[in-house]
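Student: Please take a close look at the aromatic rings in this structure. I am new to it and would like one connected account.

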Amino acid sequence: MKKIIYLMTLILALFSFSACDTLNPDNGGSALASDYFPIMENVRYYYQGDQNDYGTFDVYPDYASDQAMQLRVNANDTCEMAVIKTADNQVTLVYQDRNVSYRENLLEKTNTDLVLLKTPIAADSSWQFGESATRSITNVATTVDTPIASYEAIEVTTDYGDYQTIEYYAKDVGLVKKTTITANSSVTSILTSVVLDAAIIQSVNFYYPNLDHEIIYYQTKELQFKTNDSTAAIIQDGYKDVPENVNPVLSANTTVNDYYLNDENQAYLDLSSQFISEMNSGAQLESMILTALANTFGSYYGANEVMLRIDGNLYESGHIALLEDETIAVDAINSFDIATFDDHIPDATPTSVASDYFPIIDNSHYVYQGAGNEYASYDVYIDYSDQNTLQQRINNGGTELIRVIKITTDAITKTYQQGEAYTRANMMKKTNADEILLKGPITVGTSWSIGGGATREITNGAVALTTPSGTYTAIEVTTTNGTDVTKDYYVKDIGLVKSVSTGTDYEVSSTLGKIETDKAFVQAVKFYYPNVNDDKLYYQTKSISFKTNDITRIVFQNAYKEVPANVAKVFSNNTKINWYYLNQDGMTYIDLNRAFITEMNAGSGYEGMILQCVANTFGGYFSTAKVVLTIDGGLYESGHFAFGRFEYLDVDFSNSFDIATLSPTTTSGSASSYFPILQNTQYTYQGEGNEYAYFNTHIDYTNENSYQERVNNGGTEVVRVIKVEKDKVTLTYSQAETYYRENSLKKTNTSEVLLQGPVKVGTSWQLANGNTRKITAIDKQITTPKGTYKTVEVTTQGPNYQNVYYYAQNVGLIKILSKGEGYEISSNLEKIETDKALVQHIAFYYPNINDDKIYYQFKSISFKTNDITRLVLQNAYKQVPGSVGKVFSNNTKINWLYLNQDGMAYIDLSQEYLSEMSAGAGYEAMMLQCIANTFGSYYGVNRVLLTIDNKQYSSGHIYLEKFEYLTVDTSNNVALN
């Protein structure tokens, strides 16, 4: 815990550095906040801590602009990224991310807003620092001695309640000393050295194919990055430096247009068209080139998949074509260090190596049949694997154990083993054993000692074996330990197929019965949920599937969000598990992101039940009695609960019951349970009695207590915002004819209560038009094409009509029935689709300088819930069809985009739109017309107001006056598709 606290506070205080030639402080002039946080480039600061690991670190600026800096903080084998923005009067931490090893420009990202220093620089000046801390200037003239110099510094103190940090900043230098004080200890860091004109060195594995060997090799290169260097350009150049004996991957003229880690944890890579046109390879080599490419960029980002594009378009060559959502899998396991090239030259008579007999097969399940002992039968799964290591899970019906096996060409070694391992955690870096299972050369007579007086030897090189899984030729490995003898039989590309152990009075054998591929490991896990109606906790036992290398916390996180009927959720839609593990002190530690608190929307009693569910679920999984819960690495603190350091939750199953015993309640709980806030979900309703009774709904946006739904009945699209409170659900905004996508969650133009508590028969309320709305039935069974539900019936009675709505808990609207004189109209739920995107068909306009015409292409653009429209459109616009020119350069960004009340579309682009344009006056005018047509058409307006970084448009050819707009004109545009 001490280490966690120190790292959390470390990154908030170490962002003040100088690129000046000397490190002597400038004490002249009136001080501004920015004086203590100068922007730096190519300078590396080193700090030494008095508590070794906890206080020693170094800092380097990856990227910098006039008023912002992205810093890489290396401490305790971790790398943290932070972005600070400076102004004369205030310095702010605007972005923070932990454990980011790759290099990417994050200057425009924001996820926090913590003020590090304010002007005036005066003693006792103080301000709020986050939700629970206070930051203040406690001294404006103190001397700090460091190994570099003595500094006149200001002292800044941050009080977190149970611990405190004291930082010393020198003008034009930055942080020179920092101390963190807790109840039991203190840690001090002091500036010890500075390296000017410094660079960051990263080791990057570049993968190359060798067609002759049909092997992919890698070479580790040390790449040097200075501040603001283009990562893409340096990696691109590094890739073109091709070692001997391998085939190139990138041709001389191929450029890396763009690459980044996308929201799906895939490495996105866009290359120029020369990658294909200059490849000059057959299908087999091309396939190897794509795998090498995926290994290089996927490994750099720590991703398992790479999405490849060519100039923004789908990959398509003469041999291979990738579909829209198709990715290239990273497969570094079957690659070798190029330094071992000679080891892989095919012999005239190939010989076997140890690794041939222990293949790494992800998602495989080996089942062994036993004789002579009740535990001789067992099965084996692969929990985790990497290039030369795997973690096995062995279940013999009595216990589960895990083994970590290291695999090389020379030896197969068990490096770790743990019994009674009923939880799933990655142990591949742990060691507690060193037992060689198989050793080369693979010839009869090879022998070795395994400790304790036991020896192991290859005793036969060709044993014919018939097992239930097949007939094999195996090698025999004999282990002798006194009178006990074990013979293990291994087959190339299969592994262990049989094991026979004999002693003075026993013989036990295990024989391979079958091999299943693409098989998941399944665990039965109890997830606990609160029921606020009876103040009890209920658990549901779920069968959780894990494929090899699945991240356990992510699988658990997603499973917990699947909430059974008649209970409430524990994790909100945006809650994430940052980490969780079983600590050596016997307690379970779990860290959640802040959305767990901000989206909880619960009173103290309900919150207490939610916390108990977390304790029971994760404590139960790890079989511990105590659970330590933190939020983003800091102490848990909400409006109702605040935990001190080392304070834990007790696991308590006494008030918990199997959900199978929970009968649906006849009092229907809170109003909010009938309006679940879902994401990426589409409801489809069948209609009768009216052509518009058929409709579907899609969720555009959500926050902690509201959602914006899009209702499409085939004739129009309506956007509605629903505010969901425990005892009242209200329609707060409604707008018809809304074919564009814009976040209206904060807008209001109505206040119509859809459902009000208490949810029981007789609850009624009056609408603004004077009509009465009333709960007329609960637990009413309604059958729709989707299924049968118990619902609450809500009736609106007008002067000559009646509208009846039926809602089901944790589902929402099931049916609408409208009756009046001479008509009856109904809409019934037909289907619910999850992980469903909204697809809009949008025309993008592009110029063609060759014929002075503008062409347009309709693209099917997918939007998931809470996707930012401007970013999706920005990226789609950069995917340029063949034969036309681009409008947006690679680095152009849409700063904002919206439909204003004056009936114009407003769009603001970044400066790169101008600086990377490289166009004459005529071509530039065509580009501006394309922008007007694209975004004006999207919003259905005739005028578009364009600005650049919130300033008037001004290039070398065209200047737009303030409020001067572009006019949409599609009269002479030509369709591309």
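Tutor: A charge counts as sitting over a ring if NZ of Lys or CZ of Arg is within 6 Å of the ring centre and within 35 degrees of the ring normal. In this predicted model, arginine 943 lies over the face of tyrosine 965, at 5.1 Å from the ring centre. Phenylalanine 129 also has a charge over its ring: the charged end of arginine 135 is 5.1 Å from the centre.

Rings also pair with rings. A pair of aromatic rings is described by the distance of the centres and the angle of the planes. The structure holds 58 aromatic pairs. One of them joins phenylalanine 571 and phenylalanine 618, with 6.4 Å centre to centre and 20 degrees between the planes. Planes under 30 degrees apart count as stacked, so this pair is stacked. Phenylalanine 571 lies in the loop between α5 (552-560) and β35 (577-582), while phenylalanine 618 belongs to helix α7 (residues 604-622), so the pair ties together parts 47 residues apart in sequence. Phenylalanine 571 is buried at 2% relative accessibility, and phenylalanine 618 is buried at 0%.

Another aromatic pair, formed by phenylalanine 888 and tyrosine 913, is edge-to-face, at 6.3 Å centre to centre and 80 degrees between the planes. This pair links distant parts of the chain, 25 residues apart: phenylalanine 888 is in the loop between α8 (869-877) and β55 (894-899), and tyrosine 913 is in helix α9 (residues 912-915). Phenylalanine 888 counts as buried at 2% relative accessibility, and tyrosine 913 counts as buried at 1%.

Definitions and conventions
Residues numbered from 1 in each chain as written. Predicted model: local features only at pLDDT ≥ 70, side-chain atom pairs only at ≥ 80, totals over all residues. Heavy atoms only, no water. Phe/Tyr/Trp six-rings, centres within 6.5 Å; stacked < 30°, edge-to-face > 60°. Helix = DSSP H or I, 4+ residues; strand = E, 2+ residues; numbered from the N terminus. Buried < 20%, exposed > 50% of the residue type's maximum accessible area, 1.4 Å probe, protein only.
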